[in-house]
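Hello,

Here is the structure I promised to pass on. My notes follow below it.

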Amino acid sequence: MMVSDGEGTPLAVHLDSASPAEVKLIEQTLAKISVGKRGAPGAPRKKPDRLVADKAYDSNGLRARLAMRGITPVIPARS
């Protein structure tokens with residue numbers, strides 16, 4: 001699984017077996033994000049402001065865990 005910014009630059013990668021559902025791997029992948037601030041000293045950013053994902057990630061549990069971390073989920077609801 002890979003997390004990228006809005007321009008497609010990879011921010012974190014997590015490899016696992018094919019059996020776990022992706023919704024269960026997203027938190028492990030988000031934990032690997034560490035992006036330095038361009039031209040500014042200080043601690044690197046560890047979380048995105050928003051997470052854009054497809055319908056496969058539509059889960060109340062995931063939405064709650066992202067909200068606890070201060071990440072706004074942008075995930076369409078399953079029909």
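The secondary structure comes to two helices and four strands. Helices (H or I, at least four residues) and strands (E, at least two) are DSSP runs, numbered from the N terminus. From that end the elements run β-β-α-β-α-β.

This is a predicted model: local features need pLDDT of at least 70, side-chain atom pairs count only at pLDDT 80 or more, and totals for chains, interfaces and linings use all residues. Residues are numbered from 1 along each chain as its sequence is written, and side-chain values use heavy atoms, with hydrogens and water left out.

Overall figures next. The C-alpha trace spans about 45 × 25 × 25 Å along its principal axes. Of the 79 residues, 23% are buried. Buried means under 20% relative accessible area, exposed over 50%, and partly exposed in between (1.4 Å probe, protein chains only). The protein exposes about 5500 Å², with carbon and sulfur atoms supplying 55% of that area. Areas come from the Shrake-Rupley method with a 1.4 Å probe; for residues, only the protein chains shown count as cover.

Now the core. The largest nonpolar core has 13 residues. Such a core is a set of buried Ala, Val, Leu, Ile, Met, Phe, Trp, Tyr and Cys residues joined through side-chain atoms within 4.5 Å. I26, L30, L51, Y57, L62 and L66 have the most contacts inside it. Helix 1 (22-30) and helix 2 (60-68) are the elements that give two or more residues to this core. Helix 1 supplies the largest share, three residues.

Y57 is worth a look. Setting aside residues up to four places away in sequence, Y57 touches M1, E22, V23, I26, L62 and I75. Contact here means heavy atoms within 4.5 Å. Across the protein, 26% of the contacts with a separation of 6 or more join residues 24 or more positions apart.

A56 sits in the loop between strand 3 (50-52) and helix 2. Buried or exposed, how does A56 count? A56 counts as exposed because its relative accessibility is 52%.

Last, the ends of helix 2. At its start, a side-chain oxygen of S59 reaches to within 3.3 Å of the backbone nitrogen of G61. After helix 2 comes G70, whose phi is positive, near 80°.

Best wishes

How values were computed:
A polar contact is a pair of N or O atoms within 3.5 Å; within protein, one must be able to donate a hydrogen and the other to accept it, and residues adjacent in sequence count only if both atoms are side-chain atoms.
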